[in-house]
Amino acid sequence: MEYSKMDWVPIVFGIFKLGVLGVCMFFAIKWHYDKDKEEAQRKKEEAQMQSEVSGV
């Protein structure tokens, strides 16, 4: 059986597509995680400011 160079194109594109999707999913999850962490930190600081203001 003889293979041409074009037989590898779908395989290479498929691997590339999976790699790109994997990297994009990683950064999307990381971005949401960091956003939630940042929001929690902001809420903590706001609560601390409120307790300082009410304590004075």
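Guide: A residue counts as buried under 20% relative accessible area, as exposed over 50%, and as partly exposed in between. Please note that this is a predicted model.

Visitor: Where does Glu39 fall, then: buried, exposed or partly exposed?
Guide: Glu39 has 36% relative accessibility, so the residue counts as partly exposed.

Visitor: And which residue does Glu39 form a salt bridge with?
Guide: The partner is Lys43, and the closest N and O atoms are 3.6 Å apart. Lys43 is partly exposed as well, with a relative accessible area of 48%.

Visitor: How far apart are Glu39 and Lys43 in helix α1?
Guide: They are four residues apart, so about one helical turn separates them.

Visitor: How many salt bridges are there in the whole structure?
Guide: A search finds three. One of them joins Lys30 to Asp34, with 2.9 Å between the closest N and O atoms. In another, the side chains of Arg42 and Glu46 meet, at 2.9 Å from N to O.

Visitor: Where do Arg42 and Glu46 lie?
Guide: Both are in helix α1, four residues apart, or about one turn of the helix. Lys30 and Asp34 are likewise in helix α1 with a spacing of four residues.

Visitor: Changing topic, which residues form the nonpolar patch on the surface?
Guide: The patch consists of Met1, Tyr3, Trp8, Ile11, Val12, Phe13 and Ile15, and together they have about 920 Å² of accessible area.

Visitor: Where is Ile11 found?
Guide: Ile11 is in helix α1, which covers residues 9–55. Its relative accessible area is 43%, so Ile11 is partly exposed.

Methods: Residues are numbered from 1 along each chain as its sequence is written. This is a predicted model: local features need pLDDT of at least 70, side-chain atom pairs count only at pLDDT 80 or more; totals for chains, interfaces and linings use all residues. Side-chain values use heavy atoms; hydrogens and water are left out. Patches are made of residues with over 30% relative accessible area and no salt bridge: like charges are joined within 9 Å, nonpolar side chains (Val, Leu, Ile, Met, Phe, Trp, Tyr) within 5 Å. Accessible areas come from the Shrake-Rupley method with a 1.4 Å probe; for residues, only the protein chains shown count as cover. A salt bridge is a side-chain nitrogen of Lys or Arg within 4 Å of a carboxyl oxygen of Asp or Glu. Helices (H or I, at least four residues) and strands (E, at least two) are DSSP runs, numbered from the N terminus. Buried means under 20% relative accessible area, exposed over 50%, partly exposed in between (1.4 Å probe, protein chains only).
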